[in-house]
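Dear colleague,

Please find the structure below, handed over for your study.

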Amino acid sequence: MTLQKFCRRGRIILAAFVILAFISAVPVFSQGQGGKRQLVDTSLPLEWTRGYTLILLDEKDLHAVNDAKEYIEESGGSIAIYSNAKAMLGWVPRTIAPFLVGKHGITSIHYEQVDADALNAQDEISLSLVNFFNSVVTGEVERQYHSLRWQGDPLVNDVLEHPFVNPAEVTKNLEDKHIAWDAELVRTTANGGVFSGYSDSMKGTIACCLFFVESDGTIDSNRYTWTTSARDHVINQCLSGASWWASQGSSNGVSVSFYIYYYSPDSSAMKQGYEPILHSTWDDYLWINAIMANLGFSSGSEFERVTSFNGWLKSWAGTNWAYSCFFAYNPSGAPSTFTDGYFAYAYLGGPYIQMLYRNDGWSIYDIWSIFAHETGHIFWACDEYYQAGYGGCTSCAPCSSYRPVTNGNCEHPSCNPSGSVPCMMRHNSNALCSYTKVQVGWQTQILTIQSSSGGTTSPTPGSYTYDYYSSVSVKANPDVNYEFSNWSGDASGTSNPITILMDRDKTIKANFRLKPKLTIQTTLNGTTNPSPGVYYYATGTQVQVTAIPNTYYEFVNWSGSISSTQNPVTVTMDSDKTVKANFRLKPKLTIQAGTHGTTNPSPGVYYYATGTLVQVSAIPDTYCIFIMWSESATGSANPVSLTMESDKSVYAHFRYIYAPSATGRKVLNRTFSQAEYINILSWEANPSNDGLDITKYRIYTMSGDTPTLLVDLAGDQIEYYHRKAGQASIQYAIRAVTRSGREGAPALVTVQ
Ligand SMILES: [Zn+2]
Ligand SMILES: [Zn+2]
């Protein structure tokens, strides 16, 4: 019995860890279990053997097989094992068996040992399934299970991080087989590689291929060669392990069926130059790459090749998932570990398991549980082993950042100070803890959605179950006048909708709050847009409010939460706010005019916005003159300007410019050379014009109503001689003219 420890570290782990592995290698491989050895715990019955059923079919093509499988499952049976074979294994209630036979290619259903040689199912795989069935129903499987034996060395550190897989290599390999890599299965990871996506959760149909690795002496000496009985024993053990998982799934309401395929050691594809047991596990790529190349998957690393093979197998078998398991032969006399002390390991999430016929201290009757344990890893189950000084899980923390689910049954005292429970992933026990069920994707996760007052959610608040690791979108729907605030519980932030990853049970709460309230008020004499009232706006909204004064009124300012004279004003709704629009009557301008004139604007009452500069013109009537302004304006400037900072009034004063009193006569003036008629006009200033600055008299001759200017005379003249006026009658108009040029009323004088 070797005392070497299993302490493998993945070749993909960071360099620092690889160095640590070398440093710790000496004590790890030189210490043994000592007194801690335990017997294999077989206290729990091998439940799955109860009612184990063989179903024989008349055809083995996959279409017929799947048709029969579906029919049996719909009828209340369940299928644990099937293949491209005329035999299936599972559990069919005896009461329904008679109704199934004869339908969908089902030829017979068996609960007792059958004579394999007499069957119409002589292909290798069918015979393997029938022989295994016989070993179950004869009790041989249970006798082996219950035999007294030691546990082997713990499967500490038998799980490696999911390896880097280059999609290009996988695609190339699959293209060679005319298969596309289902894009839905590509799981991009942070390190630029991908998950194969061929073993996400242990649900539905799972293709498992067993490779009986055989050396042909071309490189290493061909030290060990598989025997048929060893091969058959391994097949039976793997079928036990697969049946165990299928039975566990059934007990947990999950349908799990294994499509089993294997390459016999005498198959040409299994023959290659390496004798694995003579190598370190670090060399596994040597035989795996060679076998994969034999099968036509020759691009890329061992991970890319096996991923490609799994993709091909999944496609060919039409299953939901696929993985591979390589068995190296090490009969008695050969070492029971690889040269580096490892014996069985798997990559978390696939793509493959490598294990031995004899696994470091474990009986060959325990191959089934080692296979089942490693299959758990393929489907993301974490190790629950912990051995002080050797590693394993060291806390309840998830075992992979890619599948962050609690590893709550880890036997490390920091996780389970009062002890962990039996589990396949802990001591290879014939049981499953609740955490492993979650990790392999069986248990649904409960999402409890809550909401505060002021809103609801879709889905509506309550508890929902979702598949493990599924993503759920939850939307917060606020009521009227409410807004979504944030998520709390197992979610945070303000994203809406939010996506919840169901990697564990979660409770999330949508919190709502009343939107900030905007109260708009006004004084009398005006309104607003939006009109006065109460409004609710989403936090952060910028609301524009316009003050609209009534006629003759003007907006003064905003009061309340803001002080501003801007109109419109922008209110930022970061809290409840009140704004009040204040209005006032505009300043009033009263314009009046005395007699003999008017104004522009015409006399009346006007309202102007405060500060307006108003120009008022005084417009005298004909023969009249503007004199001055009174009241709010003074002087005689015309037009006058007024700034409307308050109520004002102006009064325009005018005077009439009266005609002078005038007379005229005609005289004949004879000189020695000629005679001329002179019209002599004389007038007197009109006393009513006193105070007007009369600077001229202006004389027109009239032709009908049309005046023609005759002469301007200074204001102190009172007589004018119109010489050479002729003998005809002439009408004159004499008008006083002010200094500002305003002409007064005419004195009409006709001289005959
Ligand atoms: Zn493990
Ligand atoms: Zn467990």
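Across which strands does helix α9 (residues 302-317) lie? The model is a predicted one, and in it helix α9 lies across β8 (204-212), β10 (256-263), β12 (321-328) and β14 (352-356). The helix runs at about 125° to β12.

These strands belong to an open sheet with mixed pairing, whose 10 strands follow the order β4-β1-β3-β2-β10-β8-β12-β14-β13-β5. At its edges are β4 (106-110) and β5 (159-160), each of which pairs on one side only. Within this sheet, β2 (residues 78-82) and β3 (residues 87-91) are joined in the antiparallel sense over 3 bridges. Isoleucine 81 has leucine 89 in β3 as its bridge partner.

Another open sheet has 4 strands in the order β41-β40-β43-β44, and its pairing is antiparallel. Because β41 (706-714) and β44 (743-751) stand at the edges with a single partner strand each, one side of each has no neighbour in the sheet. From one strand to the next, the twist averages 25°. Strand β40 (residues 694-703) runs antiparallel to β41 and is joined to it by 8 bridges; tyrosine 700 stands opposite leucine 709 in β41.

Finally, a loop residue may be of interest to you. Asparagine 567 is found in the loop between β28 (553-560) and β29 (569-572). It is partly exposed, because 17 other C-beta atoms lie within 10 Å. Leaving aside residues up to four places away in sequence, asparagine 567 touches Thr546, Ala547 and Phe555. Valine 605 is 38 residues from asparagine 567 along the chain, and their C-alpha atoms are separated by 27 Å.

With kind regards

Technical notes. Residues numbered from 1 in each chain as written. Chains lettered and ligands numbered in written order. Predicted model: local features only at pLDDT ≥ 70, side-chain atom pairs only at ≥ 80, totals over all residues. Pairing = 2+ DSSP bridges. Helix = DSSP H or I, 4+ residues; strand = E, 2+ residues; numbered from the N terminus. Axes fitted to C-alpha atoms, helices over the stretch in contact; angles between N-to-C directions. Buried ≥ 20, exposed ≤ 12 C-beta atoms within 10 Å, placed from the backbone. Contact = placed C-beta atoms within 7 Å.
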